[in-house]
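Me: I have not looked at this structure before. Could you take me through it step by step?

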Amino acid sequence: MLAAAVAAASLLFTIWAAVVRPAQFRYAPKTRIAWTGLSPPDVVLFAVSGRCGLRCNAPDANREYLIETGATEQIAGVFHRLGLSTYVLAYRAHLFNAQDRTRDGKTQYGFLQLEADFDWVRRNWPGARRVLLGHSHGVNWSHNLLRLHPGWTVDYLIDLDGICLQWEEDNTRYFEEYYAWRGGNPWRLYPSKSCNAEPVPSDHGPLLLDVKDVAYPGARSDLEVRTAQGPVRDRIPNRRPDGSTRGLFALVTNESHAATAVAGTKALGWVARTVLHLEEACVSAE
């Protein structure tokens, strides 16, 4: 009898591990903060990479690449220069987490993981500066974080040539899957609609902007890079929801869309210098 009970319990645990754990990993990820410092970091940099290309199996083939290109290192280097410790967390342009079975097998973290990690950081490390970095499709994801959570704030929102082309087509079915699992949409808005979604006033009448082009109030400063090269690029300057450009900084570069995410380019050099200038200005004002 005892052996049978143990066997039944073991079977139930196996079923739970096979069903519940993957569901939690996909739909309700726990925070993955693994900082080993004796005190919290001075800066937490959240980096969201973009689409895998024009002709690829997006969004499932989307992977984090901003660490590999050196983008996160160059931006973190600004804070290191000022004597500030920095913790980097990186994400792919996808709603869900997934195991990368085509490369090194590492977990690729999605927007739900970003949401969980960001919430943990803001509650547990309230004194740390928060930086949201996005490239390409990743800019729509980073802006949606502030769009869906109006009370959440970042010191720097950094946008590297954000685009909305194919973003809704790529992601709508995964939002629908998530809503079905949750029994409805858990957010106040529908992030699946992010292109031509936000009415913003202008001198020439209302504009209907992509989410990537709206610097939500939670962003103290928004640094935007747009490229003048290629058919797929960010053509629209960012605005605040009220139509203003308060706290917004922009660069238009002749570098390619891909180059804006690579360390050592004019794009990231400008971002680094602008962050440094703003940090030094804050110190001077204190």
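Me: Which residues touch the most other members of the largest nonpolar core?
Reply: This is a predicted model. In its largest nonpolar core, which has 41 residues, Phe-46, Leu-95, Phe-111 and Trp-187 touch the most other members.

Me: Which helices and strands each supply at least two residues of this core?
Reply: The helices are helix 1 (2–27), helix 3 (111–124), helix 4 and helix 5 (167–182). Strand 1 (43–48), strand 2 (86–91) and strand 6 (154–160) each supply at least two residues as well.

Me: What is Phe-46 in contact with, leaving aside its neighbours within four places in sequence?
Reply: Its contacts include Leu-89, Tyr-91, Leu-114, Phe-118 and Val-121. Arg-130, Val-131, Leu-132 and Leu-133 are also among them, as is Asp-117.

Me: And which residues does the second core include?
Reply: That core is separate and has 26 residues, including Leu-84, Leu-160, Ala-267 and Leu-268. As a general point, nonpolar side chains in soluble globular proteins tend to be buried together.

Me: Let us change topic. How much space lies in the largest pocket?
Reply: The largest pocket holds about 340 Å³ of space. Its lining has 14 residues, and Glu-64, Asp-104, Lys-106, Thr-107 and Gln-108 are the closest to the centre. Strand 2 and strand 4 (107–108) each supply at least two residues of that lining.

Me: Which residues lie nearest the centre of the second largest pocket?
Reply: They are Arg-51, His-135, Ser-136, His-257 and Ala-258, out of 18 lining residues. The space in this second largest pocket is about 280 Å³.

Me: Where is Ser-136 found?
Reply: Ser-136 is in the loop between strand 5 (129–135) and helix 4 (137–148).

Me: Why does Ser-136 count as buried?
Reply: Ser-136 counts as buried because its relative accessibility is 3%, and the cut-off for buried is under 20%.

Me: What is Ser-136 in contact with, leaving aside neighbours within four places in sequence?
Reply: Ser-136 is in contact with Gly-50, Arg-51, Tyr-65, Leu-160, Asp-161, Gly-162, Ile-163 and His-257. Ser-136 and Val-48 are 88 residues apart along the chain, and their C-alpha atoms are separated by 9.0 Å.

Me: Next, helix 5. Is Asn-171 buried or exposed?
Reply: Asn-171, which lies in helix 5, is buried, with a relative accessible area of 3%. A polar atom of the Asn-171 side chain lies 2.8 Å from the backbone oxygen of Trp-167. Beyond four places in sequence, Asn-171 is in contact with Pro-59, Ala-93, His-94 and Trp-141.

Me: What about Tyr-174: buried or exposed?
Reply: Tyr-174 is also found in helix 5 and counts as buried at 8% relative accessibility. Not counting residues up to four places away in sequence, Tyr-174 touches Arg-26, Pro-59, Asp-60, His-94, Leu-95 and Phe-96. Tyr-174 and Pro-59 are 115 residues apart in sequence, yet 9.6 Å apart from C-alpha to C-alpha.

Me: Last one: what does Asp-155 touch, not counting residues up to four places away in sequence?
Reply: Asp-155 lies in strand 6 and touches Ala-128, Arg-129, Arg-130, Arg-220 and Ser-221. At 18% relative accessibility, Asp-155 counts as buried.

Notes
Residues are numbered from 1 along each chain as its sequence is written. This is a predicted model: local features need pLDDT of at least 70, side-chain atom pairs count only at pLDDT 80 or more; totals for chains, interfaces and linings use all residues. Side-chain values use heavy atoms; hydrogens and water are left out. Helices (H or I, at least four residues) and strands (E, at least two) are DSSP runs, numbered from the N terminus. Buried means under 20% relative accessible area, exposed over 50%, partly exposed in between (1.4 Å probe, protein chains only). Contact means heavy atoms within 4.5 Å. A nonpolar core is a set of buried Ala, Val, Leu, Ile, Met, Phe, Trp, Tyr and Cys residues joined through side-chain atoms within 4.5 Å. A polar contact is a pair of N or O atoms within 3.5 Å; within protein, one must be able to donate a hydrogen and the other to accept it, and residues adjacent in sequence count only if both atoms are side-chain atoms. On a 1 Å grid over the protein atoms alone, a cavity is a set of points where a 1.4 Å probe fits but cannot get out, and a pocket is an open set with protein on both sides within 12 Å along at least five of seven lines; lining residues have an atom within 4 Å of a point. Grid points are joined across faces, edges and corners, and a volume is the space filled by probe spheres set on the points.
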